[in-house]
Amino acid sequence: MKVYLASAFRLIPLVELVAARLEAAGHTIAVKWWAADGFDLRDKKADNDHPDVFYTDPVCRWIFDRDFNGVRQADVLVIVAGPEPRAFNGANVEYGIALAFGKPCFALGRLDNSAMYFPVQRCGSIEELLRKIWELP
């Protein structure tokens, strides 16, 4: 299966662990958005006073296209949330794209309570996530 991992930058160590376990089990990661690729808008993202600068940067469009296509090409989406309840920004957009494409969605860790997460299959461990992915038709 090709898997898209949606998460937050602050959870990159956990995302890398999940990616490694998925790959060891024979899955492919659709996009390794956390890997150093020379395209990073985090400094500009923090500058909330200048959204025109952020959204006109060609890197912004490149990242959107990369991640949108990654979700579209993936077989499943996994939200990597960690042990504490978490709300997301970009990961929620990716989750919505996956839902629109009819992709199965999983969560590893705890999400904030939201009715919008109703379709997500929750997993308490990486082993449970791997089992649920393998059980897909």
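R61 and D65 sit four residues apart in helix α4 (residues 58-73), so about one helical turn separates them. Helices (H or I, at least four residues) and strands (E, at least two) are DSSP runs, numbered from the N terminus. The model is predicted: local features need pLDDT of at least 70 and side-chain atom pairs pLDDT 80 or more, while totals for chains, interfaces and linings use all residues. Residues are numbered from 1 along each chain as its sequence is written, and side-chain values use heavy atoms, without hydrogens and water.

R61 and D65 form a salt bridge, defined as a side-chain nitrogen of Lys or Arg within 4 Å of a carboxyl oxygen of Asp or Glu. The count of salt bridges is six; among them are these:

| Pair | N to O distance |
|---|---|
| R21 and E127 | 2.9 Å |
| R61 and D65 | 3.0 Å |
| K132 and E128 | 3.4 Å |

R21 belongs to helix α1 (residues 12-24) and E127 to helix α6 (residues 126-134), so their contact ties together parts 106 residues apart in sequence. K132 and E128 are both in helix α6, four residues apart. K132 is buried at 18% relative accessible area, whereas R61 is exposed at 56%; buried means under 20%, exposed over 50%, and partly exposed in between (1.4 Å probe, protein chains only).

Strand β3 (residues 76-86) has eight of its 11 residues buried. Strand β3 runs parallel to strand β1 (residues 2-6), joined by four bridges, and pairs in the parallel sense with strand β4 (residues 105-111) over six bridges. Two strands pair if DSSP finds at least two bridges between them.
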